[in-house]
Amino acid sequence: MVPGVGAATQAEEKRARERSARERERAADERELAGQLSSRVLCEQPEYVLPTGRVRVDLYKGMTAGERAAVRHGQAQQRAEAEARRARDRACAYDWALKEASEARAATLLERARARAARADAEAMRDLNAAKAKHDRARWNHLEREVYTNPPTEDFFLQFGTTSR
């Protein structure tokens, strides 16, 4: 036996066995796939739908085109409602911002009016105090110059200490 020739035939036989094993495995995979594709579970044949028309949940594999369209329609309605709600919220927020701005302006105007009134009251009080001070000075001057012009005499001082009390 030639050492190189026997090894070559053995290698060819081994490749042939591996090739036939791969072909058998591929054929088995194809049969299994075809069996699964045509099985009653994946095809949802009518016996998986209950007599009441309800689909058995444990065998459910997807929605029909009508059901998907109904879901899409419902989602579109929900999107429209959400957009309308957001628009209402934006309008409400805008109205609220306008109201806050107008109230802030009114509060500023009121604060300014109160400050003006306080300044006017303070000015009136100053004027009143100044007039009172002027009147008091005039009265004091009158008393000092005209009423209290008599100097005390000796008789005035003699009246003190005359009683026994």
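**Salt bridges, helices and rings**

Tutor: Let's start with one residue. Arg86 counts as partly exposed, at 42% relative accessibility. Buried means under 20% relative accessible area, exposed over 50%, and partly exposed in between (1.4 Å probe, protein chains only).

Student: Where does this model come from?

Tutor: It is a predicted model: local features need pLDDT of at least 70, side-chain atom pairs count only at pLDDT 80 or more, and totals for chains, interfaces and linings use all residues. Residues are numbered from 1 along each chain as its sequence is written, and side-chain values use heavy atoms, with hydrogens and water left out.

Student: Back to Arg86. Which residue does Arg86 form a salt bridge with?

Tutor: Glu83, and the closest N and O atoms are 3.0 Å apart. A salt bridge is a side-chain nitrogen of Lys or Arg within 4 Å of a carboxyl oxygen of Asp or Glu.

Student: Where do Arg86 and Glu83 lie?

Tutor: Both are in helix α3 (residues 65-147). They are three residues apart, about one turn of the helix. Helices here are DSSP runs (H or I, at least four residues), as are strands (E, at least two), numbered from the N terminus.

Student: And Glu83, is that buried, exposed or partly exposed?

Tutor: Partly exposed, with a relative accessible area of 36%.

Student: How many salt bridges are in the whole structure?

Tutor: A search finds four. One of them links Lys132 and Asp136, with the closest N and O atoms 3.2 Å apart. Lys132 and Asp136 are four residues apart in helix α3, so about one helical turn separates them. Asp136 counts as partly exposed, at 37% relative accessibility. There is also a network: Glu83, Arg86 and Arg90 are joined by salt bridges that share partners.

Student: What about helix α1, which residues pair up there?

Tutor: Glu30 and Arg26 both lie in helix α1 (residues 3-37), four residues apart. Their salt bridge has its closest N and O atoms 3.0 Å apart. Glu30 is partly exposed at 47%, and Arg26 is partly exposed at 49%.

Student: Zooming out, how many helices and strands does the chain have?

Tutor: Four helices and zero strands. Along the sequence the pattern reads α-α-α-α.

Student: How much of the chain is buried?

Tutor: Of its 165 residues, 3% count as buried. The chain exposes about 15,000 Å², and carbon and sulfur atoms supply 57% of that. Such areas come from the Shrake-Rupley method with a 1.4 Å probe; for residues, only the protein chains shown count as cover.

Student: New topic: how many aromatic pairs does the structure hold?

Tutor: Two. Rings of Phe, Tyr and Trp (its six-membered ring) pair if their centres lie within 6.5 Å; planes under 30 degrees apart count as stacked, over 60 as edge-to-face and the rest as tilted. The rings of Phe156 and Phe157 have centres 5.2 Å apart and planes at 75°, so this pair is edge-to-face. Phe156 also pairs edge-to-face with Phe160, at 5.4 Å centre to centre and 90° between the planes.

Student: What do Phe156, Phe157 and Phe160 form together?

Tutor: One aromatic cluster. They also make a nonpolar surface patch of about 340 Å². Patches are made of residues with over 30% relative accessible area and no salt bridge: like charges are joined within 9 Å, nonpolar side chains (Val, Leu, Ile, Met, Phe, Trp, Tyr) within 5 Å.

Student: Where is Phe156 placed?

Tutor: In helix α4 (residues 154-158). Phe156 is partly exposed at 40%. Phe157 is partly exposed at 47%, whereas Phe160 counts as exposed at 53%.
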